[in-house]
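Here is a short briefing to read beside the model. Take a look at the structure first, and then we can walk through a few places in it together.

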Amino acid sequence: MTQAELANRMGRPINKINEVIQGKRQITADTALELELALGLPASFWINLEKNHQLTLARLTQKKRLDRESAHLASFPVKEMCRLGWLNKINDNAEQAHELLSFFGVTSFSMIKNVKSLAPAWRKSRTKRACEYALASWLQRGIRESHEIETKDFDPTGLKSRIHELRALTVQDPDIFEQTIKTTCAQYGVAVVFVPHLPKSYVSGAAYRLYDKVVIQLSLRYRWADIFWFNFFHELGHVLLHLTKRKSVFVDDKDFTVESEGLEVEANDFAAGTLIPSDDFESLVTRAYSRADVVKSFADEIGIASGIVVGRLHHEGLLPRNRLVNLRCQYTWRSDE
């Protein structure tokens, strides 16, 4: 059938029919109904044909825009994110940019700067400057994982009552305590996520509110068990002391200071006092704490891993950092395998 014959059947000018065929004029509902009568194909076929055509045009426009914006990929640790399985590795830059934007749940790179967790204004570096995009990527991964964790209503009082049980996990291996931490905290409205460290993010942990839950996000930057447990209870301190009413974001590492330094000191004190109560630590320093058997005995008495005791002695400057290191251990996480 020629265009002229179709135009005659539909009572339309031939130039209008030509514009439809060339994709210059959209197929409206009225036109679809007329084509149904003239050609015998249902109106839904023509409507879907038009939708697919418009979607194709939109994708081509988007691809051109992403081609222009793909230079932003260099700012993000894309290679490492692909290695960790957070992103699919795609050779086409525009498609890789699309993959990264989907990860963040935004429509353009200009919107990523509006992600609240990108670079908290109060976060300042003493010795290192974190890559804002690496930090944003690490936090976003935690946010995505926390969405998959079902939690009950936030109950800080109930969670506080379980601290002794959480502390007792310090003598267990990660294969045992990782799921127990997640399950216990989820019962009180806290999602705990373990997110591998990204290069140049210089972050060990974070605590923040997310819609209907609170999140504790821990990196695997430091593999020493005593540092891991201090970081966990530090973030738990933020949750119990500072996030019951606030909507702050706490991103922590020993290389950084914050304007709200008092809150960090409180979280540090909470972690130190939870792991080794002050009365117990005062008792320890009266003993021959440079001996491995004394440290082991003390750790058994208070129910924590001996490496935590050694780490505290190192931190307080009571023991040279090359002493009793055999009592400290390093964790291997599932993500390493």
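**Briefing: loops, strands and helices**

Tyr202 sits in the loop between β2 (190-195) and β3 (205-210); helices (H or I, at least four residues) and strands (E, at least two) are DSSP runs, numbered from the N terminus. This is a predicted model, in which local features need pLDDT of at least 70, side-chain atom pairs count only at pLDDT 80 or more, and totals for chains, interfaces and linings use all residues. Residues are numbered from 1 along each chain as its sequence is written, and side-chain values use heavy atoms, with hydrogens and water left out.

**The chain as a whole**

- The chain has 16 helices and 6 strands.
- Of its 337 residues, 46% are buried, where buried means under 20% relative accessible area, exposed means over 50%, and partly exposed lies in between (1.4 Å probe, protein chains only).
- The accessible surface of the chain is about 18,000 Å², and carbon and sulfur atoms hold 49% of that surface; these areas come from the Shrake-Rupley method with a 1.4 Å probe, and for residues only the protein chains shown count as cover.
- Among contacts in the chain with a separation of 6 or more, 67% are between residues 24 or more positions apart; a contact means heavy atoms within 4.5 Å.

**The loop between β2 and β3**

- Tyr202 has a positive phi of about 50°, although it is not a glycine.
- Ser201 is in the loop between β2 and β3 as well, and it counts as buried because its relative accessibility is 0%.
- The side chain of Ser201 makes a polar contact with the side chain of His197 at 3.3 Å. A polar contact is a pair of N or O atoms within 3.5 Å; within protein, one must be able to donate a hydrogen and the other to accept it, and residues adjacent in sequence count only if both atoms are side-chain atoms.

**From β3 to β4**

- Tyr211 belongs to the loop between β3 and β4, and its phi is near 55°, a positive value in a residue other than glycine.
- Tyr211 counts as exposed because its relative accessible area is 75%.
- Ser219 is part of strand β4 (residues 213-219) and is buried, with a relative accessible area of 5%.
- The side chain of Ser219 reaches the backbone oxygen of Val203 at 2.8 Å.
- Leaving aside residues up to four places away in sequence, Ser219 touches Trp138, Val195, His197, Val203 and Ser204.

**Helices**

- The axes of helix α6 (residues 93-104) and helix α8 (residues 132-147) come within 9 Å and cross at roughly 60°, which means that α6 is oblique to α8.
- Axes are lines fitted to C-alpha atoms, for helices over the stretch in contact, and angles run from 0 to 180 degrees between N-to-C directions. Angles under 35 degrees count as roughly parallel, over 145 as roughly antiparallel, 65 to 115 as roughly perpendicular, and the rest as oblique.
- Ser102, Phe103 and Phe104 of α6 make the contact with Ala136, Ser137, Gln140, Arg141 and Arg144 of α8.
- Leu241 lies in helix α12 (residues 225-242) and is partly exposed, with a relative accessible area of 42%.
- Leu241 touches Glu266 and Phe270, not counting residues up to four places away in sequence. The C-alpha atoms of Leu241 and Phe270 are separated by 8.9 Å, and the two residues are 29 residues apart along the chain.
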